Amino acid sequence: MRIAVTGSIATDHLMTFPGRFADQLVADQLHTVSLSFLVDNLDVRRGGVGPNICFGMGQLGGAPILVGAAGYDFDEYRGWLDRHGVDTGSVRISEVLHTARFVCTTDKDHNQIGSFYTGAMSEARLIELKAVADRVGGLDLVLIGADDPEAMLRHTEECKTRGIPFAADFSQQIARMGGDDIRTLLEGAAYLFSNEYEKGLIESKTGWTDAEILSRVGHRVTTLGSRGVRIERVGENPIEVGCPEETAKVDPTGVGDAFRAGFLTGLSWGVGLERAAQVGCMLATLVIETLGTQEYTLRRANFMERFKKAYGEEATTEVQSHLN
């Protein structure tokens with residue numbers, strides 16, 4: 001399968017706060033919040049949902065096509081992605097803007113407060129998927145991840161017009177989108193990704209019930225944090241997959257992206273939904289054990305040993321033939 005991943009391209013500036021955000025919030029003063037947190041660490045990492053997902057797919061041996069807009073400062077980042085199996089030939093480079101930046105603080109309970117500077121990401125709306133498809137010989141699936149909202153709408157409409165299967169994955173952009181846009185973005189998606197909170201927000205903003213949304217998409221994939229993931233399809237029993245045991249909870253940033261990378265790679269291998277979700281959960285576990293979104297190393301023998309412990313012999317045999 002030729003899978004294109006559209007989404008933000010950014011650098012992450014990650015900080016850690018040794019206390020709890022909740023202890024600093026006064027219930028009757030939330031309308032005038034003015035807080036500053038003295039943080040212990042600052043790590044500058046490569047990020048953005050598009051490269052995060054593509055990096056994970058590349059680690060699993062896939063050949064993902066990254067689609068997005070970056071700044072004139074992208075050369076080093078491009079080299080990193082190229083070395084890790086990502087096709088960056090469809091990245092638009094802005095002549096005037098910096099690559100987007102995500103600034104995030106994580107507290108001791110792994111809660112996060114973040115801000116996002118769009119920068120060159122605003123030019124993603126100028127990218128035409130037909131040009132991408134022509135360059136690579138066609139597209140079998142396009143994941144439409146969090147990006148410039150106009151770009152997300154354009155890519156979705158183009159997929160519908162050209163008959164290209166697509167996966168809807170709004171994540172951070174749900175907060176700024178209205179019900180009309182969200183309905184447009186999810187209608188007809190082969191896959192709809194969200195976490196539990198986003199799932200409720202999608203239903204609230206669209207005015208559609210869970211059942212009504214499910215009837216409009218092929219599969220609804222809901223990540224459940226430490227409890228794994230649930231995959232639903234009309235007329236079928238839900239598939240639920242748990243997470244492997246992690247060695248440590250270091251940093252939750254990028255865990256959802258890693259799940260998507262593993263899940264999409266599983267789909268490209270042609271394994272079933274349960275197996276694809278298991279690969280996604282195993283990759284997500286590697287990321288939560290690592291500071292940063294692209295700092296983990298996938299050692300195949302170790303990956304399969306842990307995968308076998310979590311999901312058993314039969315699942316391991318099926319996945320290992322593809323991973324090798």
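Guide: Setting aside neighbours within four places in sequence, Thr 223 is in contact (heavy atoms within 4.5 Å) with Ser 194, Asn 195, Glu 196, Gly 228, Val 229, Phe 259 and Arg 260. This is a predicted model, in which local features need pLDDT of at least 70 and side-chain atom pairs count only at pLDDT 80 or more, while totals for chains, interfaces and linings use all residues. Residues are numbered from 1 along each chain as its sequence is written, and side-chain values use heavy atoms, with hydrogens and water left out.

Visitor: Why is Thr 223 called buried?

Guide: Buried means under 20% relative accessible area, exposed over 50%, and partly exposed in between, with a 1.4 Å probe and protein chains only. Thr 223 has 15% relative accessibility, so it counts as buried. It is found in strand 11 (residues 219-223); strands (E, at least two residues) and helices (H or I, at least four) are DSSP runs, numbered from the N terminus.

Visitor: What makes strand 5 and strand 13 edge strands?

Guide: An open sheet is formed by 9 strands in the order 5-4-1-8-9-10-11-12-13, with mixed pairing. Strand 5 (87-93) and strand 13 (239-241) each pair on one side only, where pairing requires that DSSP finds at least two bridges between two strands.

Visitor: How do you know that strand 1 and strand 4 pair?

Guide: Strand 1 (residues 3-6) and strand 4 (residues 65-70) share 3 bridges in the parallel sense. The requirement is at least two bridges, so the two strands count as paired. The bridge partner of Ala 4 in strand 4 is Ile 65.

Visitor: Is His 110 buried, exposed or partly exposed, and why?

Guide: His 110 has 30% relative accessibility, so it counts as partly exposed.

Visitor: What of Ser 171, and why is it classed as it is?

Guide: Ser 171 also has a positive phi, about 40°, although it is not a glycine. It is found in the loop between strand 9 (166-168) and helix 5 (179-186). Because its relative accessibility is 15%, Ser 171 counts as buried.
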